[in-house]
Amino acid sequence: MEKMVNIFLFGKKYSVPENLAIMTAMEYAGYQLVRGCGCRNGFCGACATIYRIKGDRELHACLACQTKVEDNMYIATLPFFPLVKQVYDMEKIPVNETVMMQLYPEIYACIGSNACTKACTQGLNVMQYIAYAQRGDFEKCAEESFDCVMCGVCSSRCPAGISHPQVAMLARRINGKYLAPGCGHLEDRVKEIKNGDFNDLIEALMQKPIEEIKELYNNREIEK
Amino acid sequence: MYSEKFQESLAAVEAAREKNIALEPTRMTAEQKDTVLSSFHPDYKTNEFSVLTIGPNKGDKVPKELAAMLQAHSRIKDAEIDLENPDYDTDVLVIGGGGAGASAAIEADEAGASVMIVTKLRIGDANTMMAEGGIQAADKPNDSPAIHFVDAFGGGHFAAKRELLSKLVCDAPEAIKWLSELGVEFDKEADGTMVTTHGGGTSRKRMHAAKDYSGAEIMRTLRDEVLNRNIPVVDFTAAIELILDEDGKAAGAVLMNMETKELLVAKAKTVIIATGGAGRMHYQGFPTSNHYGATADGLVLGYRAGAKLLYAETLQYHPTGVAFPEQIFGALVTEKVRSLGAKLVNKNGEVFMHPLETRDVTAATIIRECSERGNGIDTGNGEGIWLDTPMIEKIGGEGTIMKRIPAMWRMFDKYGIDIRKEPILIYPTLHYQNGGLDITADCMTTNVKNLFVAGEAVGGIHGKNRLMGNSLLDIIVFGRSAGQNAAKAAKDTTVGKLTLDHVTAFENEITEAGIETELVSPKLLPNYTNQKSI
């Protein structure tokens, strides 16, 4: 017999096996999820969840698909949070801190509560990456925020109304597009293909009898 | 931390680690591969397949769970739908909000068409988001699109449609360039050289990655670009039937709000199916690495409208799904773990195969090791094989795991397993739908005009097995192409009177064939209520 624990889904008590994640415990209890369930694997941020263990003061945030239930866990899912997403043209934005001042000026109102970092379901140093964004250090902001799944829990806890995941998204795109070093071999290859340099080789493969391609495949040299 | 029962086998793995790192396992011959596939690959279990008795692929075999959906009833009855007053009217309708759908929408918008995305969950709730390992492109000096072609053609058992595969490999470098210019952060050396690795079955190191969040990094960037372009995204809204016009051209879709169940009509000049895969169909009872909505919807929509399927009988079981702990059973352990040097080790600490054979061969060999050869490890929830992750730190140096596969570390760390120090237990998991709707090189279906397809819902790009990193590639290459071609076709299209007669006709076929079923399709979501999910 599996060991059961009591959990409280939106305040209502259910008894569920202790080895389940919060998401599967909700399904065990009978919920057919539509919202609040995406990849079920910790990558999409659809299942942001807030919980508190009875008797504890501290509120915790997590992803429901990645967190085991505990006895006396009070659970509320946060399937949507109204983040501010500014629209911009990547070809026209300034590549310095003025872009943040224009699009996300609220980051300069950060009061240093660190509530975002404490709430992050990925364990990221959210306040730090916002500090990098304030300074226009997009490379560091990108690196520090890279594992963000944009679940929005940080923003739900922010007294300054910052939409951290969207700030980081902008920083990563600026870094990827403008600050990361360009790639010579990629540019060269794109030009060679446009120039038709491989047309004959590909055309030959299009016509080649299957047996000959099998021969090619089974005896091809594999880079170490 | 592994409990007592694993310790004996763990000790054997640790004791053999140095020797196993040094070992260069031989690759299988073509004959050995054929033998292990036909004996152990799930695609060869004939009793798990049914023959379709109606529709464009009548007489063909598909997984029985898929057959049940393809030959199920529509969710609507013609009379209930008011086609005269559509709720949406657009040039290009994109069904699906994953990587292929987002790429298609961006390109259709770029081409000047009006375009909208409908998606049954949120934009980005897609297998793209979960792709970890990377994206292939032959952009290094020792590589070429022709070498990429041979790798993929052989890996797919020489069954790919060559015109689709040549497009895939020739447009690959341009796809990477396009993503870079959108701001996707690929792993690079200080001089801009791409950091690339092998995948199973590749003969050159052409796997580009963004740590082990490759798909997530691509997906969130594409999503951001869709939003920046103000492309309408109607989320939590599923397409449940295609609409044709009186000439038989695709001309829209009947939509259903997933929460209120309200039905809506979208009229369009062209339609792109970008609905993704089918892992949540749990073929043969396998767990899956796929997202919640992967239920083969696009295949059902297309089939009922008369579009043909190609290779729908071939599925990909990813060799390394999580076998333990059970909370993440079936979740993906990226192939990149093996690209970085981790080997597959049995309960006795023996390396039993080359870790980078193609996925179908690797999965079948793992199944053989656990079944016929009895060398699996009992996880308490089935069998598993060790994937010796600490090898990565020994080969690449301390810190390699945190730098290259942080998501893997995080996933296991939550359950008290530090993959830098301890190996992990894996077993094949249902991962990818190799087959799908049959298209020509312009992404249009071979027999329904103005119906385009991109991404995992396409069949024929990869043949009967897909190489790692060619799926992230195909969603970009074919997604973009579908968007461009659908926008172009929309310019020359006049939509005639809308009709759902094909739905009625299909219902009649069900009756005439004597199929007795109470099922409706598309499935839309799996049902995990009141049971332990897999």
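Predicted model: local features only at pLDDT ≥ 70, side-chain atom pairs only at ≥ 80, totals over all residues.
Which residue stands opposite B:Ile385 in β18(B)?

**View 1. Chain B as a whole.** Chain B carries 17 helices and 23 strands. Its radius of gyration is 23 Å, close to the 24 Å that the globule rule gives for 534 residues, so chain B is as compact as a globular protein of that length. Along the principal axes, the C-alpha atoms fill a box of roughly 70 × 55 × 40 Å. Of the 534 residues in chain B, 62% are buried. Contacts with a separation of 6 or more were also sorted by sequence distance: 76% of them in chain B link residues 24 or more positions apart.

**View 2. The largest nonpolar core.** This core has 238 residues. The members that touch the most other members are B:Val92, B:Val94, B:Val271, B:Ile272 and B:Ala454. Helix α16 (residues 470-491) of chain B supplies the largest share of the core, 11 residues. In soluble globular proteins, nonpolar side chains tend to be buried together.

**View 3. Surroundings of B:Ile272.** Neighbours within four places in sequence are left aside here. B:Ile272 is then in contact with B:Val92, B:Val94, B:Ile95 and B:Ala104, among others.

**View 4. Strand β17(B) and its burial.** Strand β17 spans residues 383-387 of chain B. Of its 5 residues, 4 are buried, so the strand is largely enclosed by the rest of the structure.

**View 5. β17(B) with β15(B) and β16(B).** Strand β15 (residues 344-345) of chain B pairs with β17(B) in the antiparallel sense, over 2 bridges. Here B:Val345 stands opposite B:Trp386. Strand β16 (residues 377-378) of chain B also runs antiparallel to β17(B), joined by 2 bridges. B:Ile377 has B:Gly384 as its bridge partner in β17(B). The hairpin of β16(B) and β17(B) has 4 residues between the strands. In this hairpin, B:Gly380 takes a positive phi near 90°.

**View 6. β17(B) with β18(B).** Strand β18 covers residues 424-433 of chain B. It is joined to β17(B) by 3 bridges, and the two strands run antiparallel. The residue opposite B:Ile385 is B:Ile426 in β18(B).

**View 7. Domains of chain A.** Chain A is divided into domain 1 (4-77), domain 2 (98-179) and domain 3 (193-218). The centres of domain 2 and domain 3 of chain A, taken over C-alpha atoms, are separated by 48 Å.

How values were computed. Residues numbered from 1 in each chain as written. Chains lettered and ligands numbered in written order. Domains from an automatic or database assignment. Rg over C-alpha atoms; globule rule 2.2 N^0.38 Å. Buried ≥ 20, exposed ≤ 12 C-beta atoms within 10 Å, placed from the backbone. Contact = placed C-beta atoms within 7 Å. Core = buried A, V, L, I, M, F, W, Y, C linked by C-beta atoms within 7 Å. Pairing = 2+ DSSP bridges.
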